[in-house]
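Take a look at the chain below.

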Amino acid sequence: MLDFLTFERFIAQDVLILFYYTGAAVMPLFLWYLRHYLIRRLPWCRSADARLKEFYGGLETGHKVATILFFLGIFFSMEVIWRMMFETMIGYFQMHDALRQLLELSRR
């Protein structure tokens, strides 16, 4: 406990993994719910949603498929970027721990 209180041991890696999964799994679901909530509550969101549905409904089948694939590609790209961001931060803390161990070994 003393190592934790004196910042000798970081909890960042465990916390970062928790935040990663929260952002990767929970946030898309939350945003989907928020979309429906805003459409129900705000008239301008409702009219924008109706116009988008009308526009999408007027597209040919090939364009509909391309639109869905485009947005799925964006979604998966953002998931990869989210993962890379957390891998970078976790790698930083792992390097910090390794350098601290090397420093302790060199002092002996």
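The bend at a residue is the angle between two axes, one fitted to the seven residues ending there and one to the seven starting there. Keep that in mind for helix 2. This is a predicted model. In it, helix 2 covers residues 12–41 and bends by about 40° at valine 26. A proline, proline 28, follows within four residues of that point.

Now step back to the whole chain. How many helices and strands does it have? There are 4 helices and 0 strands. Read from the N terminus, the elements run α-α-α-α.

Next, the overall dimensions. The C-alpha trace spans about 75 × 30 × 15 Å along its principal axes. Buried residues make up 11% of the 108 residues. The chain exposes about 9,300 Å², and carbon and sulfur atoms supply 72% of that area. Consider also which parts touch. Among contacts with a separation of 6 or more, 59% join residues 24 or more positions apart.

Helix 4 runs from residue 61 to residue 107. How far apart should its ends be? Its 47 residues, at 1.5 Å a residue, should span 69 Å. The end C-alpha atoms are 69 Å apart, so expectation and model agree.

Which residues of these two helices are buried? In helix 2 they are Ala12, Leu16, Tyr20, Gly23, Ala24 and Ile39. They pack against helix 3, residues 43–57, and helix 4. In helix 4 the buried residues are Glu79, Phe86, Ile90 and Gly91. These pack against helix 2.

Some rings meet as well. Ring pairs link Tyr20, Tyr21, Trp82 and Phe86 into a cluster.

An α-helix has 3.6 residues a turn, so residues three or four places apart point the same way. Tyrosine 33, at 49%, counts as partly exposed. Tyrosine 37 is partly exposed too, at 32%.

Another pair joins phenylalanine 75 and phenylalanine 76. This pair is edge-to-face, with 5.4 Å from centre to centre and 65° between the planes. Phenylalanine 75 has 36% relative accessibility, so it counts as partly exposed. Phenylalanine 76 has 51%, so it is exposed.

Finish with a residue in helix 3, aspartate 49. Is aspartate 49 buried or exposed? Its relative accessible area is 13%, so it is buried. What does aspartate 49 touch, leaving aside residues up to four places away in sequence? Its contacts are Arg35 and Ile39.

Definitions and conventions:
Residues numbered from 1 in each chain as written. Predicted model: local features only at pLDDT ≥ 70, side-chain atom pairs only at ≥ 80, totals over all residues. Heavy atoms only, no water. Buried < 20%, exposed > 50% of the residue type's maximum accessible area, 1.4 Å probe, protein only. Contact = heavy atoms within 4.5 Å. Expected span 1.5 Å × (residues − 1). Areas by Shrake-Rupley, 256 points an atom, 1.4 Å probe, with all protein chains shown as cover. Phe/Tyr/Trp six-rings, centres within 6.5 Å; stacked < 30°, edge-to-face > 60°.
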